[in-house]
Amino acid sequence: MTKSFNTATINREGADKLAEALHDGYQLTEKDQLQLALKDEEYKLQTWEDLKLIIEGNRLEDLKRVPSDLKRYIAWSHGTRKRYGSIQAFVLKERLGWTDLKCKNQTPYAEPEDTKILINDWPYGNAPGILHLVAWTKSPIPTRPGDGDLTSEAREILKKFVYDNFSQHLGEDNVLWFKNWASIQSVRSVEHIHILIRNYTEEFLMNVVGTDARDENNRPIGELEKEREVAGKKTSINYA
């Protein structure tokens, strides 16, 4: 549900950025408004048990970002759309390195060249020790008409992918996963699922994500934008 936003709840600069982003077509939801009205210290980080209950109950709309991260994300989205035309174009070029979405295998995650796992650039506001990954695929992930939830066959395929690559190494208790409904996806036209892990080693992370995991030039954008803001730099990251 989209509603008008009361800019009095944030500082002037933030309000200007948000107004610009809204004009650019950002769909500000009621959940966003509630988050933006909070101070960071008023936000309760989501624990592993919180996340488990949300995912098991399919209450994905309850997954939230830290208020200041959400403000930065909206402002960054606006600048990225202006520069690349869409968030999808940015993700394809700068994050995935894919020139198209032609898959070699119609089964999601069956073909390594159709698959890429990355640390989430803009993770939800989770407690320390929880890492948010995104597994991207060129292959279509079948969903049911109407509610957009996964088909039974698709869910089994994804469960096996998550088990083979995460759960069997870290243990079932250290892995959670979900696929956002289309209505709450940031990048709708590139198929992906979200994977949350804890109690992992750097060696495991390198094996799954690759050398990009801790490369200074490939750090999560949210972290870099926060550092730039703290340092007083007003320009966004330049990928040109």
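In the predicted model, Asn126 is in contact with Leu45, Gln46, Leu51 and Leu196, when its neighbours within four places in sequence are left aside. With Gln46 there is also a polar contact between the two side chains, at 3.4 Å. Asn126 belongs to the loop that runs between strand E1 (115-119) and strand E2 (131-137). The relative accessible area of Asn126 is 13%, under the 20% limit, and the residue is therefore classed as buried.

Nine aromatic pairs are present in the structure. In one of them, Tyr84 and Phe90, the ring centres are separated by 5.4 Å and the planes meet at 75°, so the arrangement is edge-to-face. Both residues are buried, Tyr84 with a relative accessible area of 18% and Phe90 with 2%. A further pair is formed by Tyr109 and Phe161, whose ring centres lie 4.1 Å apart with planes at 15°; this pair is therefore stacked. Because Tyr109 is located in the loop between helix H5 (87-96) and E1, and Phe161 in helix H6 (residues 152-170), the pair ties together parts that are 52 residues apart in sequence. Tyr109 counts as buried at 9% relative accessibility, as does Phe161 at 7%.

Key
Residues are numbered from 1 along each chain as its sequence is written. This is a predicted model: local features need pLDDT of at least 70, side-chain atom pairs count only at pLDDT 80 or more; totals for chains, interfaces and linings use all residues. Side-chain values use heavy atoms; hydrogens and water are left out. Helices (H or I, at least four residues) and strands (E, at least two) are DSSP runs, numbered from the N terminus. Buried means under 20% relative accessible area, exposed over 50%, partly exposed in between (1.4 Å probe, protein chains only). A polar contact is a pair of N or O atoms within 3.5 Å; within protein, one must be able to donate a hydrogen and the other to accept it, and residues adjacent in sequence count only if both atoms are side-chain atoms. Contact means heavy atoms within 4.5 Å. Rings of Phe, Tyr and Trp (its six-membered ring) pair if their centres lie within 6.5 Å; planes under 30 degrees apart count as stacked, over 60 as edge-to-face and the rest as tilted.
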